[in-house]
Structure formats: C-alpha cells, structure tokens
Amino acid sequence: MNLTLKIWRQKNANSKGEIVEYPISDISPDISFLEMLDVLNSQLIPAGEEPVAFDHDCREGICGSCSLYINGEAHGPDRRVTTCQLHMRKFKDGDTIFIEPFRANAFPVVKDLVVDRSAFDRIQQAGGFISINTSGNTQDGNAIPISKHAADEAMDAATCIGCGACVASCKNSSAMLFVGAKVSQYALLPQGQVEAADRVQNMVAQMDLEGFGNCTNTGACEVECPKGISLENIARMNRELVKASLKG
Ligand code: SF4
Ligand code: FES
C-alpha cells in the first residue's frame, strides 16, 4: 500500500505543533498501525530526521499506552481495538491518514503524539484501591460468596485499560467512563464496600480537580472505548456518589 501520512509534530510541551506530511510506500496490509509508524521512523532516522514520538508498550491491547487519534477517531476506524491492534488492512491503497495525539486540557502534549496521562494515575491514587489488613488474620477473598452476575459485571468494569480514548472522544473531555469503570469494579464486590463512600467522593473530586469536563450523555466514549466499557458504569458511579453524600 502507498499512503500519505499527515502527522502532528511538536518538539515539546511549550512549542507550537503542526501537521507534517510524509509519503510512505510498500506498506503491508498485514502489519499493525504502530508497525507502520516503526517503518516510517526506520526511514526518518537514517535520513537524519527526528523520529515520530508515540506511546506504546505491550502492543497486545492490554497496557493502554498507545493513544493515537487517527482520522478523527480515538484508536482509529476499527471497533473494540487499541491502536496497537489496528491493522493496515483497515485502510485502502492511496489513503491519506491524519495522525494526532489525544486532545484534552487534562492530557497536555509532551512531544509529537505523546500526551501526559498522569491525571488518570492521580485519580486512581485518590481511591482506586482496596486497603487490606495483612496481619495474617486476613479473610481469604475466595471464601466470600459473590454472585455470578456481580462478578461478571465487576470483571467487565475491570477490563478498562486506562487508555484515555473516552476522554479524547468526548466533546467535553469527560473522564467519567474511566472513573465510572474504576469505581464500579469495587462497588460491585463485597471487598469494595468498606471504603466505598470515600472512594467515589475522592476519585470524583480528583477528576474535577484535573480539569476533565462533565458528562452530557452523548455516548461517544462508549463507542470509541476499545474495551467496550458500558455507560452503565457512569450511572453506577453517580448512584454511588449520591449514596455517599447522603451518608454525610
Ligand atoms: S473506559 Fe475505555 S476508553 Fe476509557 S480509559 Fe477505560 S478502556 Fe480506555
Ligand atoms: S501498546 Fe499496550 S494497549 Fe496498545
């Protein structure tokens, strides 16, 4: 395949970025989108040009690092896949492909296609955990009965990989699908009940502090989420927040 890439290049967080055009040829339809960028970089480096910076780690759809906005869609045109699992066969020979970083005030650009998503880490640190007594008298988690339905729903919520596509897809740059998933995975389980009120209040407060927008029920986040996280998690988070505030 022969393609024209239009890529956002930005030296650092303070410089002004711009779209730069790169023609690329002989791309196999069977390679992944990130491998296509590897091919481009392997041509830029010997030519003395700065390679395109982009985030990646596992390349298996599990770490949430890869975060590209491709032709106006987070993780590109395929559904339920991350950028690292997107294949070039989703494009046609002769296509022009726009590649940009995820855009949101809370995700500032670090360089080229790399954004700083540490706001998500701070939200997690505010409450996305369970405190366990490790004195030796801890009850075995497997001895606590959990209904199949609750276990399945908690597992679905826990599949959120923290990629940030929900934020990038949302016209309000809302992080509510991410926070809803993180709150839900504990709210659905008995182990999550002890700290439930503090968890939801602290995580939502941190989310607001980081500058994410509010949810207006557009649903773009659910459509673009590579893990199919459901909007029901946002509704559950809102119910948990009301419950917590009534408790005082
Ligand atoms: S909810 Fe989906 S889109 Fe948002 S961070 Fe989690 S996996 Fe990514
Ligand atoms: S590189 Fe890990 S999910 Fe894409």
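**View 1. Contacts across the whole chain.** Take the contacts in the chain between residues at least 6 apart in sequence: 70% of them join residues at least 24 apart. Keep in mind that this is a predicted model. The chain has 8 helices and 7 strands. Its C-alpha trace spans about 60 × 35 × 35 Å along the principal axes. As for burial, the chain counts 248 residues, and buried ones make up 36% of them.

**View 2. The surroundings of ligand 1.** Here we zoom in on ligand 1, which has 14 residues around it. Cys-160, Cys-163, Ala-165, Cys-166 and Cys-225 are the closest. Which helices each supply at least two residues of this shell? They are H4, covering 165–169, and H5, covering 176–187. H5 gives the most, with 3 residues. Sort the shell by class and you get 11 nonpolar residues, 2 polar and 1 charged.

**View 3. Helices H5 and H6, side by side.** Now look at H5 again, this time with H6 as its partner. The two pack at an angle of about 175°, and their axes are 11 Å apart. An angle over 145 degrees counts as roughly antiparallel, so that is the label for H5 and H6. On the H5 side, the contact uses Val-179, Lys-182, Val-183, Tyr-186 and Ala-187. H6 brings Ala-196, Arg-199, Val-200, Met-203, Val-204 and Met-207. What classes of residue make up this contact of H5 with H6? There are 9 nonpolar and 2 charged residues, with no polar ones.

**View 4. Helices H6 and H8, crossing over.** H6 (residues 196–209) also packs against H8 (residues 232–247), at an angle of about 115° and with the axes 9 Å apart. Angles from 65 to 115 degrees count as roughly perpendicular, which is why H6 and H8 get that description. Left-handed or right-handed, how do H6 and H8 cross? Their crossing is left-handed. From H6 come Ala-196, Ala-197, Val-200, Gln-201 and Val-204. They meet Met-237, Glu-240, Leu-241, Ala-244 and Lys-247 in H8. Split by class, the residues of this contact are 7 nonpolar, 1 polar and 2 charged.

**View 5. H6 between its two partners.** H6 is roughly antiparallel to H5, whereas H6 and H8 are roughly perpendicular.

Technical notes
Residues are numbered from 1 along each chain as its sequence is written. Chains are lettered from A and ligands numbered from 1 in the order in which they are written. This is a predicted model: local features need pLDDT of at least 70, side-chain atom pairs count only at pLDDT 80 or more; totals for chains, interfaces and linings use all residues. Axes are lines fitted to C-alpha atoms, for helices over the stretch in contact, and angles run from 0 to 180 degrees between N-to-C directions. Helices (H or I, at least four residues) and strands (E, at least two) are DSSP runs, numbered from the N terminus. Angles under 35 degrees count as roughly parallel, over 145 as roughly antiparallel, 65 to 115 as roughly perpendicular and the rest as oblique. A crossing is left-handed if the near helix is turned anticlockwise from the far one by less than a right angle, and right-handed if clockwise. Two residues are in contact if their C-beta atoms, placed from the backbone, lie within 7 Å. Ala, Val, Leu, Ile, Met, Phe, Trp, Tyr, Cys and Pro count as nonpolar, Asp, Glu, Lys and Arg as charged, and the others, Gly among them, as polar. A residue is near a molecule or strand if its C-beta atom, placed from the backbone, lies within 6 Å of it. A residue is buried if 20 or more other C-beta atoms lie within 10 Å of its own, exposed if 12 or fewer, and partly exposed in between; C-beta atoms are placed from the backbone.
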